Amino acid sequence: MSAVLRTVNRVLTALAGLVLLALGGAVLAVGFDAPAPSWWVHQGPHDVLLSNAERTRWREAGWWWPVVIAGLAVLLLLALWWLVAVVRRRRLTEVLVDTGDGEGATLRGRALEDVVAGEADRVDGVERAGVRLTGRRDAPAARVRLLLAPHVDPGTALHDLTTRALAHGRDSANLASLPAEVQLRGVKHGAERVN
């Protein structure tokens with residue numbers, strides 16, 4: 001999760017928590033017949049949330065409902081953006097390496113991704129490779145995207161990737177396994193002329 005997203009997530013969570021705590025505490029206090037300020041919506045335990053006059057105050061104004069609906073739509077879109085940003089799969093930031101002495105060490109996820117991608121780029125017929133680590137830090141998985149040259153056998157490229165780049169990445173991080181999901185795409189090229 002990026003630093004900006006992490007900060008936004010914490011600020012929004014804190015603000016939502018504070019607002020809900022304040023509103024819930026105030027409603028609970030008024031419900032137990034505590035004195036309420038004059039501007040507060042409830043004045044006693046038997047008071048209603050919105051009176052008839054409050055509910056129908058803006059009924060005749062033509063701008064009221066479009067503004068309310070637009071405001072709620074913006075809030076809904078922001079809430080959906082926040083939910084998607086929090087729930088989506090993120091890149092693994094570090095991998096736990098077993099050093100054999102019971103202590104362990106951590107390896108930056110980007111470093112392992114770059115090494116595996118660099119070695120995958122050197123596989124015969126691979127034009128470009130991209131690697132992303134997902135999963136847990138003690139059980140990572142790789143998502144690999146390969147862009148293949150026009151006349152390359154995909155099976156051979158996949159075999160070379162698994163026996164070289166992924167095997168070396170797994171061995172260098174001393175992992176028991178490194179499962180991978182590989183997406184193969186071919187480079188777009190024009191039709192060849194046959195004589």
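Predicted model: local features only at pLDDT ≥ 70, side-chain atom pairs only at ≥ 80, totals over all residues.
According to the UniProt annotation, taken from an unreviewed entry, residues 63-84 form a "transmembrane region". In the model, the chain over residues 63-84 is 95% helix and 0% strand.

Strands of a sheet pair through backbone hydrogen bonds, in either a parallel or an antiparallel sense. In this model, an open sheet is formed by 3 strands in the order E3-E4-E5, with mixed pairing. Strands E3 and E5 stand at the edges and have a single partner strand each, so one side of each is left without a neighbour in the sheet. On average, and with direction ignored, neighbouring strands of the sheet are turned by 15 degrees against each other. The pairing between E4 and E5 is parallel and extends over 7 bridges. Within this pairing, Val144 has Val182 in E5 as its bridge partner.

Two helices are placed against these strands. Helix H4, residues 109-121, lies across E3 and E4 and runs at about 150 degrees to E3. Helix H5, residues 154-172, packs on the sheet, where it touches E4 and E5. The direction of H5 makes about 140 degrees with that of E4.

In soluble globular proteins, nonpolar side chains tend to be buried together. The largest nonpolar core of the model has 23 residues. Leu133, Val144, Leu146, Leu161 and Leu166 are the residues with the most contacts inside this core. At least two core residues are supplied by each of E1, H4, E3, E4 and H5.

Side chains of opposite charge can pair when their charged atoms come close. The model contains 4 salt bridges, counted with a cut-off of 4 Å between a side-chain nitrogen of Lys or Arg and a carboxyl oxygen of Asp or Glu. One of them joins Glu94 and Arg137, whose closest N and O atoms are 3.4 Å apart. Glu94 belongs to strand E1 (residues 94-97), while Arg137 is in the loop between strand E3 (126-136) and strand E4 (139-148), so this pair ties together parts that are 43 residues apart in sequence. Glu94 is partly exposed, at a relative accessible area of 28%, and Arg137 is also partly exposed, at 36%.

Another salt bridge links the side chains of Asp138 and Arg136, with an N to O distance of 3.2 Å. Asp138 is partly exposed, with a relative accessible area of 47%, whereas Arg136 counts as exposed at 53% relative accessibility.

A salt bridge is also found between the side chains of Arg143 and Glu181, at 3.8 Å from N to O. Arg143 lies in strand E4 and Glu181 in strand E5 (residues 180-186), so the pair ties together parts that are 38 residues apart in sequence. Arg143 is partly exposed, with a relative accessible area of 33%, and Glu181 counts as partly exposed at 47% relative accessibility.

Methods. Residues numbered from 1 in each chain as written. Heavy atoms only, no water. UniProt positions renumbered as here; feature names shortened; annotations may be inferred. Helix = DSSP H or I, 4+ residues; strand = E, 2+ residues; numbered from the N terminus. Buried < 20%, exposed > 50% of the residue type's maximum accessible area, 1.4 Å probe, protein only. Pairing = 2+ DSSP bridges. Axes fitted to C-alpha atoms, helices over the stretch in contact; angles between N-to-C directions. Contact = heavy atoms within 4.5 Å. Core = buried A, V, L, I, M, F, W, Y, C linked by side-chain atoms within 4.5 Å.
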